[in-house]
Amino acid sequence: MLNLNFRYEDESEIVRFVLFPIYRINKEKSTVTIGVNQEFSYVLNEITTNFTRFELEGFTELRSGYAKQCSDC
């Protein structure tokens with residue numbers, strides 16, 4: 001998850017960031033705690049803005065990273 005790098009570009013700037021900068025695994029409790037980059041938390045909070053639930057489920061089932069690239073991005 002630390003290798004999930006994102007890129008955002010608009011007319012004035014390009015921004016690259018890691019959405020999940022830290023995660024903690026508690027082996028005794030068998031839990032995982034994941035930290036989200038607060039500056040870009042809107043990526044998760046507004047994920048349904050650009051997808052219907054069906055589209056998002058289908059997108060997450062794609063196996064190829066190449067297939068997930070957006071031609072409009």
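**Reading a predicted fold, feature by feature**

Visitor: How exposed is Glu-9?

Guide: Glu-9 has a relative accessible area of 46%, so this residue counts as partly exposed. Keep in mind that the model is predicted.

Visitor: Which residue forms a salt bridge with Glu-9?

Guide: The general idea comes first: side chains of opposite charge can pair when their charged atoms come close. Here, the partner of Glu-9 is Arg-7, and the closest N and O atoms are 2.8 Å apart. A search of the whole structure finds one salt bridge.

Visitor: Let's step back to the chain. In what order do the elements of the protein chain run?

Guide: Starting at the N terminus, the order is β-β-β-β-α-α, which comes to four strands and two helices. The chain has 73 residues, and 10% of them count as buried. Its accessible surface is about 6800 Å², with 51% belonging to carbon and sulfur atoms. For contacts between residues at least 6 apart in sequence, 10% join residues at least 24 apart.

Visitor: How many bridges join strand β1 to β2?

Guide: Five bridges join β1 (residues 5-9) to β2, and the two strands run antiparallel. Together they form a hairpin, with four residues between them.

Visitor: Where do the side chains point along strand β2?

Guide: The side chains of β2 (residues 14-18) alternate.

Visitor: What is the bridge partner of Phe-6 in β2?

Guide: Phe-6 has Phe-17 as its bridge partner. At 30% relative accessibility, Phe-6 counts as partly exposed.

Visitor: How should I read an aromatic pair?

Guide: A pair of aromatic rings is described by the distance of the centres and the angle of the planes. A search of the whole structure finds one such pair. The ring centres of Phe-6 and Phe-17 are 5.7 Å apart and the planes are at 20 degrees, so the pair is stacked. This pair links distant parts of the chain, as Phe-6 in strand β1 and Phe-17 in strand β2 are 11 residues apart.

Visitor: Now to the backbone. What is the phi of Ser-30?

Guide: As background, most residues other than glycine have a negative phi. Ser-30 has a positive phi of about 55 degrees, although it is not a glycine. You will find Ser-30 in the loop between β3 and β4, and this serine is exposed, with a relative accessible area of 67%.

Visitor: Which residues form the nonpolar patch on the surface?

Guide: The patch is formed by Tyr-23, Ile-25, Val-32 and Ile-34, which have about 380 Å² of accessible area together. The elements giving two or more residues to this patch are β3 (22-26) and β4.

Visitor: Why do Ile-25 and Val-32 count as exposed?

Guide: Exposed means over 50% relative accessible area. Ile-25 has 55%, so it is exposed, and Val-32 has 52%, so Val-32 is exposed too. Ile-25 lies in strand β3, while Val-32 is placed in strand β4 (residues 31-35).

Visitor: Which residues is Val-32 in contact with, leaving aside its neighbours within four places in sequence?

Guide: With those neighbours set aside, Val-32 is in contact with Arg-24 and Ile-25.

Note on methods. Residues are numbered from 1 along each chain as its sequence is written. This is a predicted model: local features need pLDDT of at least 70, side-chain atom pairs count only at pLDDT 80 or more; totals for chains, interfaces and linings use all residues. Side-chain values use heavy atoms; hydrogens and water are left out. Buried means under 20% relative accessible area, exposed over 50%, partly exposed in between (1.4 Å probe, protein chains only). Contact means heavy atoms within 4.5 Å. Patches are made of residues with over 30% relative accessible area and no salt bridge: like charges are joined within 9 Å, nonpolar side chains (Val, Leu, Ile, Met, Phe, Trp, Tyr) within 5 Å. Accessible areas come from the Shrake-Rupley method with a 1.4 Å probe; for residues, only the protein chains shown count as cover. A salt bridge is a side-chain nitrogen of Lys or Arg within 4 Å of a carboxyl oxygen of Asp or Glu. Two strands pair if DSSP finds at least two bridges between them. Rings of Phe, Tyr and Trp (its six-membered ring) pair if their centres lie within 6.5 Å; planes under 30 degrees apart count as stacked, over 60 as edge-to-face and the rest as tilted.
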